[in-house]
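Here is a note to read alongside the sequence and the model. Please keep both open while going through the numbered points.

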Amino acid sequence: MQEQDVQMHVNGKPVSGKVEARTHLGDFLRQAVGLTGTHLGCEHGVCGACTVIVDGDAVRSCLMLAVQADNCDVTTIEGIAEENGSLHPLQEAFRNNHALQCGFCTAGMITSLYAFLSENPNRSDEEIREAISGNICRCTGYQGIISAAKEAAAKMAKDNRN
Amino acid sequence: MGVRQIGARVHRVEDENLIRGEGKYLDDIQLPNMVYAAFLRSSMAHAKISITDVEAAQSLPGVQAVFTYDTLPSSLISKTQLETYPAPIIKQSMLPDLLANDEVAHVGQAIAMVIASSRHIAEDACELIQVDYQPLTPVVDVLEAAKPDSQLTHSTLKDNIAASIETKFGDVESAFAECEDSLELNFKQHRGGCHSMECRGVLGDWQQQLGELTLYSSTQCPYLVRRMVSKQLGCPESSIRVIAPDVGGGFGPKAGYYPEETLIAIASKQLRKPVKWSEDRREHFTSTNQQRDQIWNLKVGFKNNGEITAIRGHVTHDSGAFLNYGLLLSATTLMPLPGPYKIKNLHVTLDAIYTNTVSTSPVRGAGRPNAAYAMDRVIDAVARHLAIDPAEMRQINLVKNEDFPYQPGSKHRNGSMMTYDSGDYTGMLAMVKEMADYDGFRKQQKEARANGKYLGIGLACFIEDTGMGPYEGVNVRVDVSGNVIASTGATSQGQGHATVISQVIAENLDIDISKIRVEAGDTGKFPHGIGAIGSRTGVNVGISANDAAAQVKTKALKLASILLEKSENELELSDGAVRVRNDSNQFITLADLALQLSPAVAGKLPEGFETAGLEAVSYQTTDYMPHSSGANIAKVEVDIITGGIKILDYYVVHDCGRILNPMIVDGQIIGGVVHGIGNAMFEQMVYDDAGNPMTTNYGDYLLPLASEMPEIHVAHIETPSPANPMGLKGAGEGGTIPAIGAMINAIEDALTPFDAYVAQYPVTPEYILDLIDGKKVAAE
């Protein structure tokens, strides 16, 4: 199968490679770039585990072809923490609120909430529940995730003010 | 130090990697020269097959091998999957060939395995294999399959009955003769699949020079996988190391042994390369065990004061195409009857029936949610019949505190009499009623009905046998760096076992949790183990870790006493060292003590030390099964125009004895409740009459989402179990077990004005409308 050249910025670093046209962004990130923190849960765009941020928007990396992300800015779970390695408020809050058990959906939850709360951290419980209604978690029953999102949102709002 | 760890809300040691995206799940593992497997699976539910062409697949560039039944190595002990849990009571044991030989019995059964340089190419090659299908009549419906004149689900069977089992105690005949009234209840229970967010996966890495296979599997039970693959291949267990890396959820079906585990081992050995297979979601729907249908027919005898005296009935249980998990799901369906209710006479039989659908095995709670549901529906039905409030009805029938230890008369599957060790069932009922303002809600419900709003409240009380033995061992070792290594047979899929093991050790040895490293899920690190099933791990590793750490402490004090020339009562263990009380200058660190007992120091072990190293291993066992219990309340509103159900609130009072980590227990309970809500309202594995699965993606098969889930309020009571030294009881499934009953009772309660009887779950909006319409038609 014919291969295409792609280049993009992933977590701030330039990345390039050759991919088959059918290679989705999730496989490209996991296999070619080696960032396995993005997980593939259903590969048909429903579970949300593979969510990454492309040019500021939360995107299911199983539904986007790698070639469609050509020249885009991609952020994965590995790029969420601060540059000095300290955890992002969402990551911290996920640990504080037991918002993860097996951890498989966690990357998608955090990236979805990152995009959602970065836009506006002042959100109601209902809005947060709606925002992650495209992310399935089988372990937690979502309650810890909602608490974590609220804790992180408060921190993010405060950081925005400072 | 001196910080209490056991019972504290300690943050999980597992989380750091997972929140950074640095976990290592099966599909994340990349080995040099690795190749990829894909499976050609049956597209028909029942057919004779012959493979007519593999040439095209074999010659596709990048393909390394194509395996079919005929080309499996003749060195195998059997080309058919060996029995995982054999039992004499199994009448007809059907197990799949590792790759189908001449007959397939469900859509999704593996026919061929292709190994290629990429998964894409392996999947492309599967498409090129030609299979000739000669259709046989499939039997999809379990009641149809149970009929004596049914078509056969496998052409070698005599009938479709895998086994018949029963639970029986008391004198049911006399009890029915003496009861004042009786009712018959029929209902269908349908539980879906596990739907762990990570599908299954296997990676085999055969090392020819060592004669060893490292088999990574996304499994709940690595020791079972080691045992079965070793038996199937006919090689020593010690030549196989099974590693369960980070596992993205299990919920039961990952506790089984699957043909893919042996097939990947075979491919790796033959190709001398690492071979990886990652199940995709469609395969998960058609090849990973599910739970699905049970049809219940019960007769209940009772007195007019509400006291239930007898239950008789039959369960028709869908085994799917094969019995690859033995009768464990069937057994756990009958064993918990009659739950927390004091019913002295009971006889329920169960037939496990083959159908041409995916095989079944336990999903979170196994048969316990089914049994709990049956009992809570019985209670509500009799309450309604006698016009007794459902809460009062439970109060009348629950086992009382003075009854403990209580033996209902049933037997555990190990043959011992079932014994409820401790609890406060009526106290929990009172507590959950208080939390949910039960009486207040009844008033609110009456007012709402007057305004055309249909509110409902549902109760469920349950027991759960937990902590199944014989053991889950833990070895605690202090090494010369002063770190503590705990190795164990326990295997996690997100339950936080490493955290609770660390808590128990940290408290015993008074060291910081960051100094403890837990090694688990690796048969190379600990010799014996079982795995995470049946709400057993916390109990078993809790008591073993506690005992092993206590032994290490004893050993440390004894050695320090020799070295510091002080009697042991003058010493204390604190903050990583044995210290002379009231003398801060005299101490010896655990690291130094470990060095004294290590081979690094020449000579002989000190007097009285028979074993090397500052370490100890423990395989503690519970005397009998600790029983967790609980009382739940669900509140719902049913929209009679759309049939939609809104869950307003959910309340849990749970008793898992002494709690090791309340944060983790609450997480287990809340997640478990949501799983039960999914069973009650959403999850449905649908087959058409030809046996084609109709729900093989998450658009068709619905899982609970954040937007529909209520706030779940959890409270605990702690009645320590007398069955083990720490008073522990299990907590992994207690959320799920009562949730379906509480939900359906609430929905039915909301529909009281329509005199509706909910005869099946999941309850869809269409079904609700049918119930409402049925009443309207009757009224007209």
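1. Among contacts in chain B between residues at least 6 apart in sequence, 80% join residues at least 24 apart. Two residues are in contact if their C-beta atoms, placed from the backbone, lie within 7 Å. For chain A, 58% of the contacts between residues at least 6 apart in sequence join residues at least 24 apart.

2. Some ground rules come next. This is a predicted model, in which local features need pLDDT of at least 70 and side-chain atom pairs count only at pLDDT 80 or more, while totals for chains, interfaces and linings use all residues. Residues are numbered from 1 along each chain as its sequence is written, and chains are lettered from A and ligands numbered from 1 in the order in which they are written.

3. Chain B has 19 helices and 26 strands. Helices (H or I, at least four residues) and strands (E, at least two) are DSSP runs, numbered from the N terminus. The C-alpha atoms of chain B fill a box of roughly 95 × 75 × 50 Å along the principal axes. A compact globule of 780 residues would have a radius of gyration near 28 Å, and chain B agrees, with 28 Å. The radius is taken over C-alpha atoms, and the globule rule is 2.2 Å times the number of residues to the power 0.38.

4. Of the 780 residues in chain B, 58% are buried. A residue is buried if 20 or more other C-beta atoms lie within 10 Å of its own, exposed if 12 or fewer, and partly exposed in between; the C-beta atoms are placed from the backbone.

5. The largest nonpolar core holds 280 residues, and those touching the most other members are B:Ala37, B:Met113, B:Val114, B:Ile505, B:Met743 and B:Ile747. Such a core is a set of buried Ala, Val, Leu, Ile, Met, Phe, Trp, Tyr and Cys residues joined through C-beta atoms within 7 Å. Helix 10 (residues 368–386) of chain B gives the most to this core, with 10 residues. Leaving out residues up to four places away in sequence, B:Ile747 touches B:Gly456, B:Val636, B:Val638, B:Ile645, B:Val758 and B:Val763.

6. Why is helix 11 of chain B described as largely enclosed by the rest of the structure? The reason is that 6 of the 8 residues of this helix (residues 390–397) are buried. They are B:Pro390, B:Ala391, B:Met393, B:Arg394, B:Ile396 and B:Asn397. The buried residues of helix 11 of chain B pack against several elements of that chain, including strand 14 (308–320), helix 12 (425–435) and helix 18 (736–750).

7. Chain B is assigned domain 1 (15–22 + 469–618), domain 2 (31–136 + 196–250 + 253–287) and domain 3 (384–464 + 625–779). Domain bounds come from an automatic or database domain assignment. The C-alpha centres of domain 2 and domain 3 of chain B lie 39 Å apart. Their contact takes 8 residues from domain 2 of chain B and 6 residues from domain 3 of chain B.

8. Chain A has 5 helices and 5 strands, in the order β-β-α-β-β-β-α-α-α-α from the N terminus on. Its radius of gyration is 16 Å, close to the 15 Å that the globule rule gives for 162 residues, so chain A is as compact as a globular protein of that length. Of these 162 residues, 56% count as buried.

9. The domain assignment of chain A gives domain 1 (3–79) and domain 2 (89–161), with C-alpha centres 21 Å apart. The contact takes 15 residues from domain 1 of chain A and 12 residues from domain 2 of chain A. On the domain 1 side, strand 3 (51–54) and strand 4 (57–60) of chain A are the elements that give two or more residues. Strand 3 of chain A gives the most to that side, with 3 residues.

10. A:Pro89 lies in helix 2 of chain A. With 23 C-beta neighbours inside 10 Å, A:Pro89 counts as buried. Not counting residues up to four places away in sequence, A:Pro89 touches A:Ala152, A:Lys155 and A:Met156.

11. How do the two chains meet? In the model, 41 residues of chain A are in contact with 40 residues of chain B. Helix 2 (89–96), helix 3 (106–119), helix 4 (125–131) and helix 5 (143–161) of chain A each supply at least two residues of the side that touches chain B. Helix 2 of chain A gives the most to that side, with 4 residues.
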